[in-house]
Amino acid sequence: MLDLLTGHLAQIQAEAEENDRKGAFPAETFMNFRKDGVLGATVPAELGGLGLSCLHDVCLALLTVAEADASTALALHMQLSRGLTLTYEWKHGGDAAQRLAERLLRAMGSGEAVVCTTVKDAPRVRTTLTPAPGGGWVLSGRKTLASMAPIATHFVISAQTGGDGGPPVGAAAVVSRQAPGFAVLDNWDGLGMRASGSVDVVMDGCAVPEADVFLRGPVGAHSDAALAGQTVSSITMLGIYTGIAQAARDAAVDMLRRRGRTPAGAVRTLLAEIDAQLYALRTTVAACLATADYFSYEFEGDLAERGRRMMHAFQRTKLIVNRFAPDIVDGCLTMIGGASYSAANPLSRFYRDVRAGGFMHPFGYPDAVDYLSDVALPPGE
C-alpha cells in the first residue's frame with residue numbers, strides 16, 4: 001500500500017496549494033488511485049482487493065498521504081474505512097447484509113465502485129426511508145459534509161425508517177449516483193480541508209430496493225457492542241491530523257534551514273518542545289491503534305466489553321490528537337513568524353486543515369467529554 005502511494009505523493013503535494021485556493025477536488029489523483037488499486041486496499045484479497053485490514057496500517061497510509069495533502073487523505077479515508085466496515089458485515093452480518101456487503105466490496109476491489117458514506121443530516125432535515133407501495137423503500141432527505149462525493153459512484157446514506165406505524169429503525173441505504181432523485185451539489189466552501197469535496201447530497205424520493213438497505217437497531221437505543229463498529233469506521237482518521245502535525249514540523253524546519261543562520265534560542269527551545277509533542281502524539285496514536293487491532297481481531301470475550309474498550313481508547317487518544325496537533329502547527333507558525341501568515345505559505349493551510357479534527361465524529365469535544373467523564377464517574381455514583 002505504501003509503495004503504491006509513494007508514486008502519487010509528489011503530484012499530490014505539488015497540487016495541494018492550488019486545489020486548496022480554488023476549493024478544487026483532486027479528481028485526477030483519485031482516478032490514478034483507482035487504476036493502481038489504492039481504492040480497493042481494504043477490500044479482502046479474495047474479493048479483489050489488497051486485503052489491508054490492520055487498522056494501524058490504514059492509519060499509517062492516511063498519515064503518509066496527509067503529509068502531502070490532508071484534503072486528499074480525508075477523502076481517501078471515506079473509501080478505505082468503508083472497505084473495513086463492509087468487510088465486517090461480509091464476515092459477521094446477517095445473510096442479507098453479507099450479500100449486499102459482498103456485492104459492494106467486489107465492485108470496490110475491481111475499481112468499479114467508489115463509495116462515499118454520509119452520516120450528518122443537513123440542518124433542519126431528517127433523512128428517512130419510507131416503505132414503497134410495491135416493495136422496497138423511498139429515500140428522502142439531505143446530507144452534508146460528504147467528503148469524496150464529487151467522484152463517488154455509490155453512496156451509503158444513513159437514515160431512519162418511518163411511515164410504517166412502528167418505531168423508527170436506523171438504517172443505511174446504498175444509492176447509485178445515477179439514481180433518479182439523487183443529486184450531488186457543488187457547495188463546499190470550508191475554512192480548511194478545502195479540496196476534500198465535502199459537499200451536500202440530496203435525495204428526493206429515491207427508490208431503494210430492499211436488498212440495498214442495511215437495517216440497524218431502534219433509533220435512540222444504546223448498544224455498547226456497536227461502539228466497536230463506530231471505532232473501526234473512524235479511528236484511522238487519527239493519522240490524518242498526526243500527518244498534518246508532522247508536515248508542519250518538517251516544513252518549518254526546512255524554512256529555518258533555508259534562512260542560513262542559527263535560529264534564536266527561543267526558536268530552538270520551541271522546536272525541541274514540538275519534537276517532544278510530536279513524539280508523544282505519534283506514539284499515543286500507535287498504541288491506540290494497536291489496542292483497536294487487538295480487540296478487532298484477537299479478543300474473544302464479551303462484545304459489549306469489546307466495544308467499550310475500543311471506544312475508550314479511541315476517545316482518549318482523539319482528545320490528545322485534537323489538542324497536540326493544533327498546538328504543534330501553531331508552534332510552527334510562531335517559529336517562522338509573519339511569513340507563515342501568508343496564504344501562499346503551506347503552514348497557513350496546515351493551520352486551517354488541522355482544526356477539522358475537532359469536529360469529526362465520534363465524538364465532537366462536548367460529547368467526548370461527556371462520554372469519558374461517564375466512564376470515569378458513571379451517573380448515579
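Is the crossing of α9 and α10 left-handed or right-handed? The crossing is left-handed, a term used when the near helix is turned anticlockwise from the far one by less than a right angle, with clockwise being right-handed.

## The model

This is a predicted model, in which local features need pLDDT of at least 70, side-chain atom pairs count only at pLDDT 80 or more, and totals for chains, interfaces and linings use all residues. Residues are numbered from 1 along each chain as its sequence is written, and side-chain values use heavy atoms, without hydrogens and water.

## The chain as a whole

The chain has 11 helices and eight strands, which are DSSP runs (helices H or I, at least four residues; strands E, at least two) numbered from the N terminus. Of the 381 residues, 51% are buried, meaning under 20% relative accessible area with a 1.4 Å probe, protein chains only.

The radius of gyration, taken over C-alpha atoms, is 21 Å, which agrees with the value near 21 Å for a compact globule of 381 residues. The globule rule is 2.2 Å times the number of residues to the power 0.38.

## Helices α9 and α10

Helix α9 (residues 303-336) packs with helix α10 (residues 346-354) at an angle of about 160 degrees, and their axes are 9 Å apart. That makes α9 roughly antiparallel to α10, the word for angles over 145 degrees. Axes are lines fitted to C-alpha atoms over the stretch in contact, and angles run from 0 to 180 degrees between N-to-C directions.

Contact means heavy atoms within 4.5 Å. On α9 the contact residues include Ala325, Pro326 and Leu333, and on α10 they include Phe350 and Tyr351.

Conventions. Angles under 35 degrees count as roughly parallel, over 145 as roughly antiparallel, 65 to 115 as roughly perpendicular and the rest as oblique. Buried means under 20% relative accessible area, exposed over 50%, partly exposed in between (1.4 Å probe, protein chains only).
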